[in-house]
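Open the model in your viewer and keep the selection panel at hand.

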Amino acid sequence: MIDARTTSAAETKALAAALAELARPGDLLLLAGDLGAGKTAFTQGYGAALDIDDLITSPTFTLVNCYEGRLELNHLDVYRLEALAEVADLGLYEMLDDGGVTVIEWGDTVAPALPADYLEIRFTFGDDDDERLLELIPVGPRWSARTRAVAAAVAPWIHEPEAPQC
Ligand code: ADP
Ligand code: MG
């Protein structure tokens, strides 16, 4: 697990852009965290680094938006999904096969329905308004093999949480 910290939306976008340099066709990223934690901001930075010119907006009501860039970006928000089976209905498995990169907001709720090969990023709020803590968790062989590359990409934002004081 890699711990990172950002202190503005722009920093979260920059971190995402650094990670996008590692993007490979078929990659899956799961973004977990409460509303306002920065999942969509992350996706915007990630998409910009994939040369996507369109404005990336939250797909909360459309469930999935697809963008053309250096790689195609499939952006899902599955907050409203009630059943894991709906993930299959969205054509997620086909998306993962079609050579694009897929980013799912609220991904931890659907993790059991997904292939066990993804980068999970857990967003939490820090002490200050604009502070966010990001835990990056490589899952499966595809991402375990890239753990060092992920750590190197986010090196400017790496932050070891303080041990609790007794
Ligand atoms: P989510 O998709 O998780 O609901 P959004 O990305 O839509 O969250 O919203 C995050 C909000 O928090 C934005 O208004 C953004 O400007 C603000 N913000 C403040 N600090 C940060 C930060 N460090 N990282 C990301 N967003 C931040
Ligand atoms: Mg969002």
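A note before moving on. This is a predicted model, in which local features need pLDDT of at least 70 and side-chain atom pairs count only at pLDDT 80 or more, while totals for chains, interfaces and linings use all residues. Residues are numbered from 1 along each chain as its sequence is written, chains are lettered from A and ligands numbered from 1 in the order in which they are written, and side-chain values use heavy atoms, with hydrogens and water left out.

**Around the ligand**

Next, pick Thr40. One of its backbone N or O atoms lies 2.8 Å from an oxygen atom of ligand 1. Then pick Arg132, where a polar side-chain atom lies 3.0 Å from an oxygen atom of ligand 1. Taken alone, ligand 1 exposes 570 Å², and the protein buries 73% of that (Shrake-Rupley method, 1.4 Å probe; for residues, only the protein chains shown count as cover).

Now show the whole shell. It has 16 residues, the closest being Thr12, Gly36, Lys39, Thr40 and Ala41; near means a heavy atom within 4 Å. Four are nonpolar, seven polar and five charged (nonpolar: Ala, Val, Leu, Ile, Met, Phe, Trp, Tyr, Cys and Pro; charged: Asp, Glu, Lys and Arg; polar: the others, Gly among them). H2 gives the largest share, three residues.

**Along H2**

Select 39-49, helix H2. Helices (H or I, at least four residues) and strands (E, at least two) are DSSP runs, numbered from the N terminus. Nine of the eleven residues of H2 are buried, among them Phe42 and Tyr46. Buried means under 20% relative accessible area (1.4 Å probe, protein chains only). Their cover includes H1, S2, S4, S5 and S6. Just after H2, find Asp51, with a positive phi of about 65°.

**The whole chain**

Zoom out. The protein chain has six helices and seven strands. Its C-alpha atoms fill a box of roughly 50 × 35 × 30 Å along the principal axes. Of its 166 residues, 50% count as buried.

Key
Polar contact = N/O pair within 3.5 Å; in protein donor to acceptor, adjacent residues only side chain to side chain. Contact = heavy atoms within 4.5 Å.
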